[in-house]
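Reader: I'd like to go through this model with you term by term. Please tell me what each label is set against before you use it.

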Amino acid sequence: MIKLINVTKIFGNRVVLDNISFTLEDKLIAILGATGSGKTVLLKIISGLLKPDTGMVILSDRTSLGCVFQHAALFDSLTVEENIVLPLLETTDYSQQTIRTKLEQILDKLNLSFELLKRKCHNLSGGERKLVAIARAIITEPCYMLYDEPTSGLDSDTTLHITHVIKKLKIPGVLVTHDLKVIELLEISERYLLNMGQLKKID
Amino acid sequence: MNGAKIFYEIFNFIWFPFSVILASGKPKRTIDRLFDQLYEIGIESLPLIFVTSVFLGLVITIQTYYQISGMLPKYFLGLTVGRMVMIELAPVLSGLVITGRSVSAMAAEIGSMKITEQLDALRVMKIDPKYFLAQPRLLAVVIITPILNGVMLLVTLLIGAIYAQLFYHTDLSVFFYGLTHPFAPRIFWVSFIKSTIFGFWCGASGLYYGFKVEGGTKEVGKAVTNAIVTATVLILVLDFLVALIFF
Ligand SMILES: Nc1ncnc2c1ncn2[C@@H]1O[C@H](COP(=O)(O)OP(=O)(O)OP(=O)(O)O)[C@@H](O)[C@H]1O
Ligand SMILES: [Mg+2]
């Protein structure tokens, strides 16, 4: 469970998040918002990368998060394979064999080709970057996923592919986007609108 | 900036490299990355170290000979050149080479990673960026700087000795006699202690400003400049402090 209680975030004299509260149980919810409305800030507060000025974020015991950043945030100096397995290599004691198996399962799930693995991340296409970012986030099997504009800047085929992947993963969490069409494609029923620092449920 | 803020900045800067050393993760992986960094920093700095050493050897020998010729016995050439190079020139110049070549690169690399949210991505994965990125780099500079100091010493003195032999009819053995008489091991190890200290604080400057970047590419440029300026000033200040303590 993820719970936000009266979270407020102010940059300078700009109130980006104004007293936001909500609880996330076991489903994927969508937050819709215009550019600059504070979607990224909200996700960063949930993931602990930013501290709220007032209020708090509560994660239940052993809750782990996977994040897909708006611009993918891949490690450019590493290959695709090194990027995806990095969290396992650095934070677990899995054997090479186990890591390899997990990697293969994920490639399979995301419909990614093995040919991609040896490529350096700095010359991937936008869609490939997003997919690698998703792969890297889910390899540790997090309880929740935070997707920041997973389809922005992609053509309609790639958008379709990525929404299909997200739907198939069935990992609960929060997806933020400025694009209502994406939410329709994902068939997410619980939707919120982030506007002027306020979060409102859309029916 | 007011006084308290400056004090806070300085404290942060001084504490930074120690927090890097204390950062923890899987040790085996740090060692792998350390070797990558050793290779990278060592290889990228060597050519510049060679060029600097060759010209340093030539200039310092010419200038010293000009000062002492006709007044002092020839072995003073080896003595003076040797001491100047060991105590001052090699550690300071190898520190400056590392600063120009690697410390700047570190600030740029880490700074770019910061603005493209790669450091955030590490944090979310529960990997401490200080452990993952800063620790191997800091250790590598601390190890490489004295090695480059040693290379510089060797090349500079060798070039000096050869030049003296060819142009001042000072036999190699006379030059080396001067180098080693009276033999003062302290001078030798002060040289290496000094360059280790320089390596530590220069590396710290590069990493500190890289981690501090907020904003865009312009800030990355500023971080590189700040890292170079800070490292350069630190080399000179620390050089003075070491001189106070040891001589
Ligand atoms: N570190 C920061 N310092 C100052 N202001 C910030 C910072 N981060 C975000 N902001 C401001 O907060 C507001 C919300 O930013 P945020 O990145 O969350 O928008 P967004 O909804 O994700 O927009 P987009 O759809 O363009 O990604 C913006 O006005 C932004 O300028
Ligand atoms: Mg955003």
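Author: Happy to: B:Arg29 is found in helix α2 of chain B. The model is a predicted one, where local features need pLDDT of at least 70 and side-chain atom pairs count only at pLDDT 80 or more, while totals for chains, interfaces and linings use all residues. Residues are numbered from 1 along each chain as its sequence is written, chains are lettered from A and ligands numbered from 1 in the order in which they are written, and side-chain values use heavy atoms, with hydrogens and water left out.

Reader: What makes the pairing of B:Arg29 and A:Glu90 a polar contact?

Author: The two side chains are joined at 2.7 Å. A polar contact needs N or O atoms within 3.5 Å, and within protein one atom must be able to donate a hydrogen and the other to accept it; residues adjacent in sequence count only if both atoms are side-chain atoms. The 2.7 Å value falls within that cut-off, so the name applies.

Reader: Which residues does B:Arg29 touch?

Author: Leaving out residues up to four places away in sequence, B:Arg29 touches A:Leu86, A:Leu89, A:Glu90 and B:Tyr131. Touching here is contact, which means heavy atoms within 4.5 Å.

Reader: How many residues does each chain bring to the contact?

Author: Chain A brings 19 residues and chain B brings 17 residues. Together they bury about 1,500 Å², with 61% of it on carbon and sulfur atoms. Of the area that chain A buries against chain B, 36% comes from A:Leu49, A:Phe75 and A:Glu90, more than from any other three residues. That area is what two parts lose in accessible area (1.4 Å probe) on being put together, summed over both.

Reader: Why is the pair A:Lys44 and B:Glu117 called a salt bridge?

Author: The closest N and O atoms of A:Lys44 and B:Glu117 are 2.6 Å apart. The term asks for a side-chain nitrogen of Lys or Arg within 4 Å of a carboxyl oxygen of Asp or Glu, so this pair qualifies. It crosses between chains, from helix α1 of chain A to the loop between α3 and α4 of chain B. B:Asp120 also forms a salt bridge with A:Lys44, at 3.3 Å between the closest N and O atoms. Side chains of opposite charge can pair when their charged atoms come close.

Reader: What makes one space a cavity and another a pocket?

Author: On a 1 Å grid over the protein atoms alone, a cavity is a set of points where a 1.4 Å probe fits but cannot get out; a pocket is an open set with protein on both sides within 12 Å along at least five of seven lines, and lining residues have an atom within 4 Å of a point.

Reader: Which residues lie nearest the centre of the second largest pocket?

Author: They are A:Leu78, A:Glu82, B:Arg29, B:Arg33 and B:Asp36, out of 25 lining residues. This brings us back to B:Arg29 in α2 of chain B, the helix that gives this lining its largest share, six residues. About 610 Å³ of space lies in the pocket. The largest pocket has about 810 Å³, with α1(B) giving the most to its lining, six residues. Each volume is the space filled by probe spheres set on the grid points, which are joined across faces, edges and corners.

Methods. Helices (H or I, at least four residues) and strands (E, at least two) are DSSP runs, numbered from the N terminus.
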